[in-house]
Amino acid sequence: MSDLLRLATAGSVDDGKSTLVGRLLYDTKSVLADTLDAVHRASADRGLSTPDLSLLVDGLRSEREQGITIDVAYRYFATPKRSFVLADTPGHVQYTRNTVTGASTAQLAVLLVDARKGVIEQTRRHAAVLALLGVPRLVLAVNKIDLVGYDEVTFSRIAKEFTAHAVELGYTEDSVLEIPVSALAGDNVVERSANTPWYTGPTLLEHLEDVPVEPDPHDAPFRFPVQYVIRPRTPEFPDYRGYAGLVASGTVQVGDEIVVLPSGIRTTVTKIDTADGPLDEAAAGQSVTLLLADDVDISRGDLIADAGNPPEVTDDIDATLCWLAEKPLTPGARVLVKHGARTVQAIVTELRDRFDEQKLSSVDSPGSLKLNEIGRVALRTAEPVPLDDYSNSRRTGAFLVIDASDGSTLAAGLVGAPLPVMDGVESCTEGGVTAARDSHALVSPGP
Amino acid sequence: MTLALDTLGRLESEAIHIFREVAGEFDRPVILFSGGKDSTLLLHLAIKAFYPAPVPFPLLHVDTGHNFDEVIEFRDRVVAQHGLRLEVAHVQDWIDDGRLQERPDGTRNPLQTVPLLDSITAHKYDAVFGGGRRDEERARAKERIFSLRNAFGQWEPKRQRPELWNLYNGRHRAGEHVRVFPLSNWTELDVWNYIAREGVELPSIYYAHEREVYLRDGMWLAEGPWGSARDDETLLRKTVRYRTVGDGSCTGAVESDAADIETVIAEVAASRLTERGATRADDRLSEAAMEDRKREGYF
């Protein structure tokens with residue numbers, strides 16, 4: 001079992017997410033005494049009788065002043081079973097921007113709802129964004145369960161509604177779990193609650209400790225974006241020429257036949273080098289240096305791939321964009337695309353449709369794509385790029401859209417249409433969504 | 001061999017990936033190197049990232065003049081051992097020519113910002129590696145791995161770029177630079193476990209030793225060029241070690257018998273105090289102390 005779980009949290013304003021995260025840190029004893037003292041002091045200064053655990057996580061002054069979370073924050077905690085990297089994403093303004101950021105590397109997401117309100121519009125949107133980004137597992141924390149009198153019927157209704165929504169998005173029932181919690185009182189976060197005898201499932205922390213983490217995509221075809229060419233030219237290594245990078249997917253062994261893209265040159269791997277000595281084999285997630293049989297022209301930005309199963313090389317990208325900039329996207333825009341270690345110029349030739357993540361439907365040919373909107377586009381690149389579908393690879397199926405003039409990140413790009421509900425369903429109804437359900441397949445998780 | 005990486009293997013691989021991205025995309029990167037444990041780890045990872053080639057970046061140390069002798073000796077030895085290039089910006093030079101003024105409390109940590117920014121401008125550094133970790137402090141928890149700084153070196157929390165997958169956007173305009181934090185996802189315990197696993201050498205003051213110290217504001221301070229005990233403070237000989245090394249005037253020692261890496265790890269694992277909270281007076285100044293210093297261009 002993996003000893004590291006990357007997770008993201010998402011929820012609306014006032015759902016108590018900072019309190020839940022604070023509770024996880026507090027109850028796993030990940031908060032050290034001086035930090036806790038500071039929270040006790042600050043809580044007392046504000047006239048609170050109990051410590052406000054959200055103060056553990058709201059880091060910026062304006063966040064503490066307004067009592068809200070503005071930016072994604074990363075938290076670290078560990079139990080004897082696992083280490084956790086938690087991306088805490090705020091749920092109000094800019095929710096897509098923040099959720100996309102947190103979800104891009106998450107293996108599991110914890111969504112929060114207020115038990116008094118149930119599944120609301122933003123819950124559905126968050127879940128759709130998490131599904132789009134390929135987060136393999138969801139947990140719905142039904143928070144403030146104390147405020148509905150620990151009522152089983154209320155919880156069951158919310159759980160049923162959420163599971164149905166998640167299944168529409170392509171999740172299997174066993175990849176979704178709902179848990180009744182009170183972040184404030186601590187019910188079912190770390191300790192099992194005596195107030196919910198009708199709930200027989202795990203507490204949130206038990207689930208995070210035991211949930212299977214999808215393994216690195218070792219079974220996927222080998223992909224290796226070349227980051228840097230290592231040429232020491234020292235007396236000890238006069239002719240050494242190695243291609244440095246991180247294995248994006250699959251495995252590579254000495255003797256494997258590979259293809260260099262976009263050039264198409266084929267050769268074999270003669271050595272897999274690291275500072276700790278050579279390896280016989282390397283797998284997804286490992287940073288290594290490859291040495292090749294032939295003296296071929298390879299530079300940063302090239303992709304080394306399994307010769308028997310290479311990606312498509314194209315200058316015409318069909319993609320889904322999560323637009324993250326204030327300035328809207330309009331057709332004809334000139335941008336930069338960063339894919340793997342390669343950055344190329346591109347033109348957005350067509351804005352095909354906008355995805356409504358609330359209704360799970362598409363709006364045809366919108367005039368523009370605004371901040372936090374998700375849309376399907378066609379891009380033409382100045383040079384061909386080797387691409388995998390995002391549904392097959394969260395690494396080589398992903399790219400950034402960058403503003404060439406000021407360098408800002410404009411959008412998260414996903415090759416293809418990762419959510420089947422986005423595909424070919426216009427203004428779809430409940431029935432339309434159901435019809436598309438059978439073909440759903442969740443994407444493989446990245447390392 | 002096993003193909004599944006453990007936590008330390010993943011953190012190492014991620015840091016190496018970050019070093020190589022910077023080497024591939026920037027013209028003039030530099031590693032901030034003080035001889036402290038985080039920057040020593042940073043250098044260790046940089047050496048591994050480019051093996052068997054030499055590290056393709058110089059090092060920069062903003063020297064407050066308030067450093068422990070053991071740390072400066074260690075710094076110079078490591079630089080010589082790996083044939084590296086070290087640039088030192090002496091805070092004293094800035095004080096001598098009037099660009100900076102000594103603070104009434106004698107602490108020089110906050111004075112590092114101006115020499116750092118001046119050095120970045122003078123050498124046209126466009127990427128500056130730092131050993132900052134997100135687990136150190138709340139404002140740091142919101143820091144990106146690639147953190148864009150404007151021409152004044154300032155961190156603008158609201159202008160931060162979303163950081164997606166492991167695709168880092170290092171583009172910047174002339175005069176701007178990017179601070180890069182390869183250790184972002186490491187915790188203090190990860191750092192110590194990795195140092196043990198790799199056998200990384202550290203300055204001796206990280207391990208228990210005898211030293212004359214006096215108690216001020218709940219911290220054990222040592223005498224040095226930065227100041228000495230007041231009349232109402234008593235010098236005592238104690239067995240101590242340092243959890244962080246910085247300006248001697250505001251970096252406290254902790255009482256400890258942990259004389260080797262195993263006992264240090266046991267102590268860190270059992271510790272009830274964060275390393276900054278325990279031993280860094282500059283972080284105790286206000287609730288938003290770190291955020292304010294980062295906005296001014298500090299790390």
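Me: How many residues does the contact take from chain B and from chain A?
Reply: Keep in mind that this is a predicted model. To read a contact, count residues on each side: here it takes 48 from chain B and 58 from chain A.

Me: Which elements of chain B each supply at least two residues of the side that touches chain A?
Reply: Those are α1, α2 (37-50) and α8 (275-279) of chain B. The largest share comes from α1(B), with nine residues.

Me: And what is the make-up of that side of chain B by class?
Reply: Sort the residues by class and you get 20 nonpolar, 12 polar and 16 charged on the side of chain B that touches chain A.

Me: Back to α1(B): how many of its residues are buried?
Reply: Count neighbours, with 20 or more other C-beta atoms within 10 Å as the mark of a buried residue. In α1(B), 15 of the 19 residues are buried, so by that definition the helix is mostly covered. As for its length, α1 (residues 7-25) of chain B reaches 27 Å from its first C-alpha to its last, close to the 27 Å expected.

Me: Now chain A. Into which domains is it divided?
Reply: Domain 1 covers 4-210, domain 2 covers 223-306 and domain 3 covers 312-439.

Me: How far apart are the C-alpha centres of domains 2 and 3 of chain A, and how many residues are in contact?
Reply: Centres and contacts are separate things to look at. The C-alpha centres lie 31 Å apart, and 12 residues of domain 2 of chain A are in contact with 10 of domain 3. On the domain 2 side, β7 (223-225) and β15 (303-306) of chain A give two or more residues. By class, that side has seven nonpolar, three polar and two charged residues.

Conventions: Residues numbered from 1 in each chain as written. Chains lettered and ligands numbered in written order. Predicted model: local features only at pLDDT ≥ 70, side-chain atom pairs only at ≥ 80, totals over all residues. Helix = DSSP H or I, 4+ residues; strand = E, 2+ residues; numbered from the N terminus. Expected span 1.5 Å × (residues − 1). Buried ≥ 20, exposed ≤ 12 C-beta atoms within 10 Å, placed from the backbone. Domains from an automatic or database assignment. Contact = placed C-beta atoms within 7 Å. Nonpolar A, V, L, I, M, F, W, Y, C, P; charged D, E, K, R; others polar.
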